[in-house]
Structure formats: C-alpha cells, structure tokens
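These notebook entries record what I looked up in one structure. I kept them in the order in which I worked.

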Amino acid sequence: NKLKILLIDDNVHLKEKAAPLFKMERDYLIDQGHKVTSIGFSKNIESNSSKFFIIREKKGRLNDKITKFIGDRETQSFLRELIDEIKPDIIHCHLLAKHALNVYKVIPKKIKVVQSLHGPNFFCATGWGCVKKDSRHCDLGISNKCVSNGCVSIPIYLPYKKLNYELQKLLKEKVNVFHCPSRQIEKVANSHGFKNTVNINLGLRNLFT
C-alpha cells in the first residue's frame, strides 16, 4: 500500500548531520511511490513548500533552552496544523535533540509513529552516553547520578529531570516502534522501559515493509 509519510528531524538541512540519511530515506520512499513530506528546524533558513518545511527557530540561547525544556507554542501550533492538513499514515522521527517536546506534544495518538534512536539523547543529559569527565560506562537514564558523576550541575540537572519525566511519558504513549540502529542502543532502550523496539542497521527497506 502507498502511504502518506511525514519525516521529522531537527537538522535535516545540515549536510554534516542528518541530511544524508534523511535524504536517502526520503528518496527511497518516494521511489516506492509513497507521498512524503519533510520537516526540519533552522534559525537561518525558512522554506515552506508543499513537500519540504524548514521551520524558522527563534534566535538566542535563552530561546534554545525554552524550546528544549518547555516547548514553543508557535512551533507547536504550526506543527499541529501541518499534521492535520497532511493526515499522515506514519510519522518517522529522527534526531530530536531540541524539538522533542514540540513534536510529541502535538502528534495525535491515532497516527503510527516510528522513532529512530540515533544516539542516547533521550537517556542522557549530555548526549555523550557515558560519564562525561572520563568516558566511563554509564547505565544512562536521567537521575541524581548525572550530578554525582560530574556530568551536569544541579541547575542544569533540574530542568533535564522535568523534561525527562514529560518525554518518557509522551514517548511511551505515542511511539509504536523504536528503530534501534544498533544492539547497544536497543539494550539501553529496553532497560529504560521501551520494549517496542526493532534492531535494523540504518536500513530502510525492512522498516517500511
């Protein structure tokens, strides 16, 4: 069956980050006859076509923090209207380091969602995936050990703790499948309560068939 698929990634427009994989997936899905729309976010680029949207971010570090830890109503309103207009059968979320709250607050529960876990950003306050100061193994998860291990200060940990509480609830409510490109990230996801995982090594063919 041909599907309407919405792809979302923080950095789809940046060649050195998500763009190559994102473009490969988009091209493959279009070649298969699916109707594909893409969304990314940028402070400097804005492009709203019928198939490709770059949402303009507000500039400044304070706005970055507000977007990440609280969310931005203007962005959420745009995303909600867009999803209502597209009526996608599937939403595939890639790296959402900054806009996870904005995205998951507006995704309707009735739409199937695939979340690719490209790294430990949903399970680590620093995104390193290990103890930051000396690269020791960490079981991950946002907890007091983030402070005791010296990875973050208390003022940084507190908003991360709140964000983690909100995100874990949203992810468990709305994600149908967590795509894990490695066995290691799948093991981490499972250990933190995400059981609906599938291990596919950055492949596309099996993910949508």
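The entries below go from the whole chain to single residues.

**Entry 1: basis.** I worked from a predicted model, in which local features need pLDDT of at least 70 and side-chain atom pairs count only at pLDDT 80 or more, while totals for chains, interfaces and linings use all residues. Residues are numbered from 1 along each chain as its sequence is written, and side-chain values use heavy atoms, with hydrogens and water left out.

**Entry 2: the chain as a whole.** I noted seven helices and eight strands in the chain. Helices (H or I, at least four residues) and strands (E, at least two) are DSSP runs, numbered from the N terminus. Of the 209 residues in the chain, 49% are buried; buried means under 20% relative accessible area, exposed over 50%, and partly exposed in between, with a 1.4 Å probe and protein chains only. The chain exposes about 11,200 Å², of which carbon and sulfur atoms supply 53%; this area comes from the Shrake-Rupley method with a 1.4 Å probe. I also looked up contacts, meaning heavy atoms within 4.5 Å. Among contacts in the chain with a separation of 6 or more, residues 24 or more positions apart account for 54%.

**Entry 3: the nonpolar cores.** Which residues touch the most other members of the largest nonpolar core? I found Ile-8, Ile-39, Ile-91, Cys-93, Val-103 and Tyr-104, in a core of 47 residues. Helix α6 (residues 154–174) gives the most to this core, with six residues. A nonpolar core is here a set of buried Ala, Val, Leu, Ile, Met, Phe, Trp, Tyr and Cys residues joined through side-chain atoms within 4.5 Å. A second, separate core has 10 residues, including Tyr-28, Val-36, Ile-54 and Ile-90. In soluble globular proteins, nonpolar side chains tend to be buried together.

I then followed Cys-93. Residues up to four places away in sequence aside, Cys-93 touches Ile-8, Val-103, Tyr-104, Ile-107, Val-113, Val-114, Gln-115 and Ser-116.

**Entry 4: aromatic rings.** How many aromatic pairs does a search of the whole structure find? I recorded four. Rings of Phe, Tyr and Trp (its six-membered ring) pair if their centres lie within 6.5 Å; planes under 30 degrees apart count as stacked, over 60 as edge-to-face and the rest as tilted. Phe-69 and Tyr-160 form an edge-to-face pair, at 5.0 Å centre to centre and with 90° between the planes. Because Phe-69 lies in helix α2 (residues 61–69) and Tyr-160 in helix α6, the pair ties together parts that are 91 residues apart in sequence. Both residues, Phe-69 and Tyr-160, are buried.

Phe-123, Phe-178 and Phe-194 form one aromatic cluster. Over the face of Phe-194 lies Lys-172, 5.3 Å from the ring centre; a charge sits over a ring if NZ of Lys or CZ of Arg is within 6 Å of the ring centre and within 35 degrees of the ring normal. Phe-194 is also touched by Gln-168, which touches Phe-122 as well, not counting residues up to four places away in sequence. Gln-168 is in helix α6 and counts as buried, at 12% relative accessibility.

**Entry 5: helix α2.** In α2, I found Thr-67, Lys-68 and Phe-69 buried. The cover over the buried residues of α2 includes α4 (100–106) and α6. Just after α2, Gly-71 takes a positive phi of about 100°.

**Entry 6: His-34.** I located His-34 in the loop between α1 (19–31) and β2 (35–42). Is His-34 buried or exposed? His-34 is buried, with a relative accessible area of 10%. A polar atom of its side chain lies 2.9 Å from the backbone nitrogen of Leu-3. Apart from neighbours within four places in sequence, His-34 is in contact with Asn-1, Lys-2, Leu-3, Ile-5 and Leu-29.

**Entry 7: the loop between β6 and α5.** Most residues other than glycine have a negative phi. Ser-135, not a glycine, has a positive phi of about 65° and lies in the loop between β6 (112–116) and α5 (145–148). Leu-140 lies in the loop between β6 and α5, and its phi is near 65°, a positive value. Leu-140 is buried, with a relative accessible area of 7%. Asp-134, in the loop between β6 and α5, is partly exposed at 39%.

How values were computed: A polar contact is a pair of N or O atoms within 3.5 Å; within protein, one must be able to donate a hydrogen and the other to accept it, and residues adjacent in sequence count only if both atoms are side-chain atoms.
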